[in-house]
Amino acid sequence: MSIVKEHEIHNRRKGRNVGVGLVLAAAIALIFGLTVVKIGTGDFGGAVQDVQN
Amino acid sequence: MSDASDFNASYENEAQFGDYFALLKPRVMALVVFTAFVGLLAAPTPVHPFVGFCAILFIALGGGASGALNMWYDADIDAVMKRTARRPIPAGKVTKDEAFAIGIALSAFAVIFLGLATNWLAAGLLAFTIMFYVVIYTMWLKRWTPQNIVIGGAAGAFPPMIGWAAATGTVSVEAILMFCLTFMWTPPHFWALALFMRSDYDDAGVPMLTVTHGRASTRKHILVYSVLLAGLAIGTAFTSLGGPVYLTAALILNTLFLKGAVDIWRRDEDMSEADNFKVERSFFKLSLIYLFALFGALLIDAFLVRAGLVGGWT
């Protein structure tokens with residue numbers, strides 16, 4: 001088995017890796033979106049007040 | 001040469017992303033998502049759409065996590081039963097340790113983020129649901145008592161209550177009614193399955209009612225629970241949760257459900273064998289439609305009341 005740039009394992013695990021990548025990207029988007037909405041609706045008002053004090 | 005073929009064979013059985021996803025029991029998740037969705041939207045407190053979406057997602061993830069933990073603990077039973085033998089662990093795709101790690105990590109993620117997105121009552125209920133399904137049902141009741149499905153059914157009944165709690169921050173009579181509807185629906189649904197998945201539970205040594213009390217007794221139990229469910233479902237129509245659409249749906253669905261239960265009760269094993277459990281299979285399918293339609297009707301009435309098209313009954 002020669003050493004090549006594109007190893008067979010890359011193709012074999014491509015679906016799995018792409019899936020994990022998409023899940024992580026979705027989690028980041030979700031948490032970011034949730035933060036924006038929470039700040040927008042004033043849900044973090046108390047926490048912001050505490051920091052300001 | 002044999003090393004190389006072993007090497008290739010192990011690759012062929014390597015888990016793909018779908019195998020990890022299958023650990024979350026996607027079909028069960030569909031029920032969790034829908035009932036939690038109804039609980040969230042039927043609640044009188046409006047929720048920001050994105051927060052609502054996140055809440056449903058986290059409830060679904062919590063349900064999926066408990067499914068992974070169930071597969072981790074029940075791998076020995078799953079390998080014996082035809083219905084479950086192709087699940088990722090008995091199929092050799094995913095190891096028990098991986099399933100355990102995914103279940104624990106997803107449980108923590110789902111509970112913490114549901115708490116942050118909505119409130120800690122909803123998060124606490126989700127944590128309790130996961131614990132109930134994994135510890136009370138999977139580890140304890142399932143292998144111990146024929147009442148496993150009856151008591152364990154509570155785990156599947158919590159999602160609409162969690163959805164309601166996520167929106168309102170409280171648990172009210174309406175949330176308890178939605179819990180009771182799912183709770184009463186679960187035993188006839190699973191007992192019908194146990195009737196036509198004949199030897200599965202016997203082979204696995206799971207004390208289902210069909211194994212411990214016999215199949216005739218199971219048929220009687222299905223009828224009794226269906227009558228109780230019908231009373232509860234139709235009675236719910238006259239509470240603040242119900243409305244004209246729900247009443248109509250409840251009357252039609254419960255008539256069909258009761259007819260199916262009576263048909264099952266009147267049959268014996270010879271009759272069922274003769275047509276390959278046709279009535280039991282169609283009752284099982286009907287039970288799935290029943291729950292989705294009943295909760296769908298609740299949702300329609302909630303929208304109609306909110307839109308001012310009907311006044312609501314309280």
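G62(B) sits in helix 4 (residues 49-73) of chain B; helices (H or I, at least four residues) and strands (E, at least two) are DSSP runs, numbered from the N terminus. The model is predicted: local features need pLDDT of at least 70, side-chain atom pairs count only at pLDDT 80 or more, and totals for chains, interfaces and linings use all residues. Residues are numbered from 1 along each chain as its sequence is written, chains are lettered from A and ligands numbered from 1 in the order in which they are written, and side-chain values use heavy atoms, with hydrogens and water left out.

**Chain A**

- Chain A has three helices and zero strands, in the order α-α-α from the N terminus.
- Of the 53 residues in chain A, 15% are buried, where buried means under 20% relative accessible area, exposed over 50% and partly exposed in between (1.4 Å probe, protein chains only).

**Interface of chain A and chain B**

- Chain A gives 15 residues to the contact and chain B gives 18 residues, with contact meaning heavy atoms within 4.5 Å.
- About 1,400 Å² is buried between chain A and chain B, and 73% of it is on carbon and sulfur atoms; this buried area is the accessible area (1.4 Å probe) that two parts lose on being put together, summed over both.
- One salt bridge is found across the interface, the rule being a side-chain nitrogen of Lys or Arg within 4 Å of a carboxyl oxygen of Asp or Glu.
- The partners are R13(A) and E14(B), whose closest N and O atoms are 3.1 Å apart.
- Three residue pairs between chain A and chain B are in polar contact, both residues at pLDDT 80 or more. A polar contact is a pair of N or O atoms within 3.5 Å; within protein, one must be able to donate a hydrogen and the other to accept it, and residues adjacent in sequence count only if both atoms are side-chain atoms.
- On the side of chain A that touches chain B, the elements giving two or more residues are helix 1 (8-12) and helix 2 (14-40) of chain A.
- Helix 2 of chain A gives the most to that side, with 11 residues.
- By class, that side of chain A has six nonpolar, four polar and five charged residues. Ala, Val, Leu, Ile, Met, Phe, Trp, Tyr, Cys and Pro count as nonpolar, Asp, Glu, Lys and Arg as charged, and the others, Gly among them, as polar.

**Buried helix sites in chain B**

- G62(B) is buried at a relative accessible area of 1%; leaving aside neighbours within four places in sequence, G62(B) is in contact with A110(B), L126(B) and I130(B).
- S107(B), in helix 6 (residues 96-117), is buried at 10% relative accessibility.
- Not counting residues up to four places away in sequence, S107(B) touches A65(B), L69(B) and I130(B).
- T182(B), in helix 9 (residues 173-196), is buried at 1% relative accessibility.
- Leaving aside neighbours within four places in sequence, T182(B) is in contact with residues including G156(B), P160(B) and F295(B).

**Loop residues in chain B**

- K25(B), in the loop between helix 2 (17-22) and helix 3 (26-42) of chain B, has a phi near 50 degrees, a positive value in a residue other than glycine.
- K25(B) is buried, at 12% relative accessibility.
- N276(B) lies in the loop between helix 14 (269-274) and helix 15 (278-306) of chain B, and its phi is near 55 degrees, also positive in a residue other than glycine.
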